[in-house]
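This report describes a structure made of protein chains. Please look at the sequence and the model before reading on.

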Amino acid sequence: MKKLKKLFTFACLCGLGYVCSQLLRRDDVQDKLFEVMGEDRYIAANNLVHLLGDLLMWPVDFVRALLP
Amino acid sequence: MNPKYEALFTPFKIGEVEIPNRIVQCSMGGTTLFGWLEPSHFDLEGADFLLQRAKDGVGLVLPGMQVIRDTMGRKWLDQNRQMYRVLKPYMDEYHKTGGKLFIQLAGGFGRSMAVTPWMAALARNDTLNKLASPIVDVQYSCASASATPNRWADNLLSRPFTVEEIQEMVYHFGATAKKLREAGIDGVEIHAVHEGYNLDQFAIANMNFRTDQYGGSLENRLRFATEIVQEIKRQAGSDFPVSLRYSVVSKTKGWRKGAMPGEEFKEFGRDMAESEKAIKILEEAGYDFFNCDNGTYDAWYWAHPPQYMPDNCNLEYVEHIKKFTNSPVACAGRMDPVKAAEEIAAGRLDAVAIARQNLVDENWVTKIKTGKEDTIRPCIRCHNGCFNFAKFEGTENIQSLPDSLHLARCALNPPTMQHNRYKIVPTKKPKKVAVIGGGIGGMECCLVLKKRGHHPVLFEKTGELGGLFLTASAMTFKENDKELIQWYKREMEEAGIEVRYNTEVNDLGTIKRGFDEIIVCTGSVPRTMPQIKGFDKTITFTELLKEGRIADDKLQTVVFLGGGQSSCEAAYDMVYNFKKKPIVVEYGNDLVAAQATCLANTSFLRDAMEYHKVPVYLHSTITEIGDGYCMIKTPEGTFRQECDAVVNGIGFVPAPKAPHVHRVGDCVAIGNLRTVIWRAWDVCMRI
């Protein structure tokens, strides 16, 4: 049961991450963030998100290359 | 089309493959189909960029160099089956353009591996390297023909490859070429006897001390490169074309020392006499095409010429070597398309290899074809976005991680290789935007805003557009910078953007009511050091360069306070073009000690200072400036230097900040054209 709960939480987090990443791609969402955060913080956060995205892709590419 | 370009648009053959025209896009690190340093994968951004280049009309595209074994993950390139499955339909689409695509394969970097501080730490420690080796084996990535010093890190020697490792690599070159051919790739290029990369380190006698079959005689030193082409022909078929990236001469004086244009010196690398023999051996081994330039990592400015190098800098060497081969030959290195067309028409050259211009203007071939060459945005060879591997005395490669992961982005054209991040999205709410400051930042803002459907109005306090870049571009050798300003002026005019000249905005409140948004792009002002006695006697770069005092006969001996890029460029212009006597005083331990400037550019300036015997005082400063003299304090003591002027080269500070408005350019933080232009997009895409 505990394992199931953990799995469910993990799945929810993944789902939430996916939804957030899709939302963040939208121009209207980015415009709003730019307005709320101010340009300096928005640009810094945007750079950080891109860097994290790049680094996350390394293990994904690594595993993909192993697929038959 | 202007008839002077006609020869560029005639077909030619590499082996049995016909290339539709003579324009070759050279490999640039980062424009890869299978990723750069990360685990190999089909790279969508690179694929899109390369397809666009073919659509523009480039005859032969060479994607960025692909190391035969992944630096990260250490998988051989032929082992990633999924990648080749995606490649096949991509190549079908690519071939609809009529263009051809060769993949450039490399045997690694050897001593040229641009190790970062953490990589150097791994490479120096056997245990750490062993632990990390399943993911990244830096010692393997730096392995070379022999134990030679790394170009980037002090006290780091390459380990020699074993014969088994060499033969394993040779096999995988063949296996990869076979897979590539099956996926529809038109040919391969081996990044072999070129630029001081790993395979070139085998070829150069002073970098190869081996006593086995891969060292000693020229034939032995070229054995690695010849075995590769033979293995490719064996596995992929004898009719599969194989190009060779080839440095005709190394232009290298020693470890980390390049030779200036026109300099007489003893060649440390490959000289012309050896090159004449080498190209024959390589042709006989099976290479079908020679894609040529000069240089090594020690003389990097020949292979990646900054703006200080002359146009067509490698041409005479390449045309000479063409006489020693029957295979077609291309020349790279600041090639002027008009000159290239002349040489091709005369039969002295077969193709022109152009690299960075493809990043700056995605339609430059089409513009030539349609007679609109005047509208091509020029490459200024800054390498700030595409290739900013940086190093100065005592550092390793200090390039930032995001830049290491994304080479081949362009300082002047942000959408290049990041088209999902920087794109023009038409606005739903057009606004009237006041842009204050007519420098590059201000003009870029106006152009982006206009393309999105806004109504920008530019306020410029002088009667001319260009801002501080007018000063930066004033040096004799900065023809491309001057062309860039002209390009901006023309674009502004064609876009119909309103410019209010001679209008200084001192109070933002006065224009707030008439505009929905305000963007301040007021640049920077020179930093001052009033603690130096007589500092007010210094002159600025604007006075020296833009206002023409550099040509003033009264100014013969000039001391530069600060040894940054601007000082070194101005000093080089003074000594080289005006035959004057500059002196550079730098507080730090090296000239141009900056993170974002490419080693190809900075090493040229450092070598130029040495070659032209410009006195350089490091760890030094000026303590007093008087009429006709200054006092220079060095670690050895303070002395009086007679001089006609002292130039304030200690840098700039942002112009006063304005609250509650958008800010772009040096008024945010001092940077370069890349930081200015990218920020202009970052802000203007969201307005």
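Thr427(B) is found in the loop between α16 and β14 of chain B, where helices (H or I, at least four residues) and strands (E, at least two) are DSSP runs numbered from the N terminus. Thr427(B) counts as buried, with a relative accessibility of 17%; buried means under 20% relative accessible area, exposed over 50%, and partly exposed in between, with a 1.4 Å probe and protein chains only. Apart from neighbours within four places in sequence, Thr427(B) is in contact with Arg452(B), Gly453(B), His454(B) and Ile687(B), contact being defined as heavy atoms within 4.5 Å.

This is a predicted model, in which local features need pLDDT of at least 70 and side-chain atom pairs count only at pLDDT 80 or more, while totals for chains, interfaces and linings use all residues. Residues are numbered from 1 along each chain as its sequence is written, chains are lettered from A and ligands numbered from 1 in the order in which they are written, and side-chain values use heavy atoms, with hydrogens and water left out.

Ala408(B) lies in the loop between α16 (401–405) and β14 (432–436) of chain B. Its phi is positive, about 65°, although Ala408(B) is not a glycine. Lys251(B), in the loop between β8 (242–247) and β9 (252–254) of chain B, also is not a glycine and has a positive phi, near 55°. The table gives the relative accessibility of these and other residues.

| Residue | Relative accessibility |
|---|---|
| Lys251(B) | 6%, buried |
| Ala408(B) | 0%, buried |
| Thr427(B) | 17%, buried |
| Phe469(B) | 10%, buried |

Phe469(B) belongs to helix α18 (residues 469–472) of chain B. Neighbours within four places in sequence aside, Phe469(B) is in contact with Ile440(B), Asp481(B), Leu484(B), Ile485(B) and Leu673(B). Between the C-alpha atoms of Phe469(B) and Val653(B), 184 residues apart along the chain, the separation is 15 Å.

**A pair of helices**

At what angle do helices α17 and α19 of chain B pack? Helix α17 (residues 440–452) and helix α19 (residues 479–494) of chain B pack at an angle of about 35°, with their axes 10 Å apart. Here axes are lines fitted to C-alpha atoms, for helices over the stretch in contact, and angles run from 0 to 180 degrees between N-to-C directions. The contact involves Ile440(B), Met443(B), Glu444(B), Cys446(B) and Leu447(B) of α17(B), and Trp487(B), Tyr488(B), Glu491(B) and Met492(B) of α19(B).

Chain B has 24 helices and 27 strands. Its radius of gyration is 26 Å, close to the 26 Å that the globule rule gives for 687 residues, so chain B is as compact as a globular protein of that length. The radius is taken over C-alpha atoms, and the rule is 2.2 Å times the number of residues to the power 0.38. Of the 687 residues of chain B, 64% count as buried. Among contacts in chain B with a separation of 6 or more, 72% join residues 24 or more positions apart.

Chain A has three helices and zero strands. Its radius of gyration is 16 Å, whereas a compact globule of 68 residues would have one near 11 Å. Of the 68 residues of chain A, 13% count as buried. Along the principal axes, the C-alpha trace of chain A spans about 45 × 35 × 15 Å.
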